Amino acid sequence: PVHLYGQSADMDSIIKLAKKYNLKIIEDAAQAHGAEYKGKKVGSIGDVGCFSFYPGKNLGAYGDAGMVVTNNERMAEKVKLLRNHGRITKKYEHEIEGYSSRLDNLQAAILRVKLRHLNKWNESRRRNAKKYNELLNNIDRIITPYEANYAKHVYHLYVIRTERGRDELREELKSKGIATGIHYPIPLHLQLAYKYLEYKKGDFPITEKVSQEILSLPMFAELSDEQITKIVSLVNCYKF
């Protein structure tokens, strides 16, 4: 499962499905550092949890970085092999084909310092999302994100939906100096990389519809109430 935008997936349903079909659960927590599912930290619920420390994440390094967590010793040893050219002990002996995916010491040191601030930054993001919701809920044309009753959302992204005029709204905000994003404009089943699966446009109509409606508004821990109010006022002034 992917804990998208900072909100956990419904893990009980996923665990039930995994048990039924004897599947392993790999959590994609790349956007969900510190997020929770029923009081448990995401990334610690399945068999394996994967985190990204790309600079733009809630917990970001100063370059590319990531982490895999697991309580399974066999899986942990396999990951150690894969990250280091397929070797663990002797320098020039390779047990399997692997990759060069080691976290360098500089990035680890930066992350170690930033980690102690993560909870504070996440709470700031949650406060900012609450402020956005309070102001945007008065605009009929906008659908705001919600926090599931089982989740503690950490709002890596704050993504609204508008049923029409999304691209025009984005251009209007850009003209006023407000950067936005679309996460993500092309559904997976329409990506060239998955052409071999032979899906076509119309196979997942809800996904395709939502991909044309979503817009990520500015979201970061240091965002002020004044900035949020300005952004929302510009959204409200736009004629859909």
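Colleague: In which strand does I143 lie?
Modeller: This is a predicted model, so each value here is computed from predicted coordinates. I143 touches I160 and R161, leaving aside residues up to four places away in sequence. I143 itself belongs to a strand made up of residues 142-143, which is β6.

Colleague: Is I143 buried, partly exposed or exposed?
Modeller: Buried requires under 20% relative accessible area and exposed requires over 50%, with partly exposed in between. I143 has a relative accessibility of 36%, so I143 counts as partly exposed.

Colleague: How far apart in space are I143 and V159?
Modeller: Along the sequence, 16 residues separate I143 and V159. The distance in space is taken from C-alpha to C-alpha, and for I143 and V159 it is 9.0 Å.

Colleague: Which residues does G49 touch, not counting residues up to four places away in sequence?
Modeller: G49 is in strand β4, which covers residues 48-52. G49 has a relative accessible area of 0%, so it is buried. With residues up to four places away in sequence left out, G49 touches E27, G43, M67, V68 and V69.

Colleague: What separates the C-alpha atoms of G49 and L115?
Modeller: G49 and L115 are 66 residues apart along the chain. The separation between their C-alpha atoms is 17 Å.

Colleague: Why does G86 count as buried?
Modeller: G86 sits in the loop between α2 (73-83) and α3 (105-115). Not counting residues up to four places away in sequence, G86 touches L81, E93, H94, E95, I96 and G98. Buried means under 20% relative accessible area. G86 counts as buried because its relative accessibility is 0%.

Colleague: How far apart in space are G86 and Q107?
Modeller: In sequence, G86 and Q107 are 21 residues apart. From C-alpha to C-alpha, the distance between G86 and Q107 is 22 Å.

Colleague: What is the phi of H85?
Modeller: H85 lies in the loop between α2 and α3. With a relative accessible area of 30%, H85 is partly exposed. H85 is a residue other than glycine, yet its phi is positive, near 60°.

Colleague: Is E198 buried or exposed?
Modeller: E198 is in the loop between α5 and α6. Although E198 is not a glycine, it has a positive phi of about 65°. The cut-off for exposed is over 50% relative accessible area. E198 has 70%, so E198 is exposed.

Colleague: Which residue does a cis peptide bond join to H183?
Modeller: The omega of this cis peptide bond is about 20°.

Colleague: Which residues are closest to the centre of the largest pocket?
Modeller: The largest pocket has a volume of about 900 Å³. Its lining consists of 32 residues, and those closest to the centre are L4, Y5, H183, V210 and I214.

Colleague: How far apart are the C-alpha atoms of E171 and C237?
Modeller: E171 is placed in helix α5. E171 has a relative accessible area of 48%, so it is partly exposed. Along the chain, E171 and C237 are 66 residues apart. Their C-alpha atoms are separated by 13 Å.

Colleague: What share of the residues of the protein count as buried?
Modeller: The protein has seven helices and nine strands. It exposes about 15,100 Å², with carbon and sulfur atoms supplying 53% of that. Of its 240 residues, the share that count as buried is 39%.

Colleague: How far apart are the mean positions of the positive and negative charges of the protein?
Modeller: There are 39 positive and 29 negative charges in the protein. The mean positions of the two sets are separated by 2 Å.

Methods. Residues are numbered from 1 along each chain as its sequence is written. This is a predicted model: local features need pLDDT of at least 70, side-chain atom pairs count only at pLDDT 80 or more; totals for chains, interfaces and linings use all residues. Side-chain values use heavy atoms; hydrogens and water are left out. Helices (H or I, at least four residues) and strands (E, at least two) are DSSP runs, numbered from the N terminus. Buried means under 20% relative accessible area, exposed over 50%, partly exposed in between (1.4 Å probe, protein chains only). Accessible areas come from the Shrake-Rupley method with a 1.4 Å probe; for residues, only the protein chains shown count as cover. Lys and Arg count as positive and Asp and Glu as negative; His and the chain ends are not counted. The place of a charge is taken as NZ of Lys, CZ of Arg, CG of Asp or CD of Glu. On a 1 Å grid over the protein atoms alone, a cavity is a set of points where a 1.4 Å probe fits but cannot get out, and a pocket is an open set with protein on both sides within 12 Å along at least five of seven lines; lining residues have an atom within 4 Å of a point. Grid points are joined across faces, edges and corners, and a volume is the space filled by probe spheres set on the points. Contact means heavy atoms within 4.5 Å.
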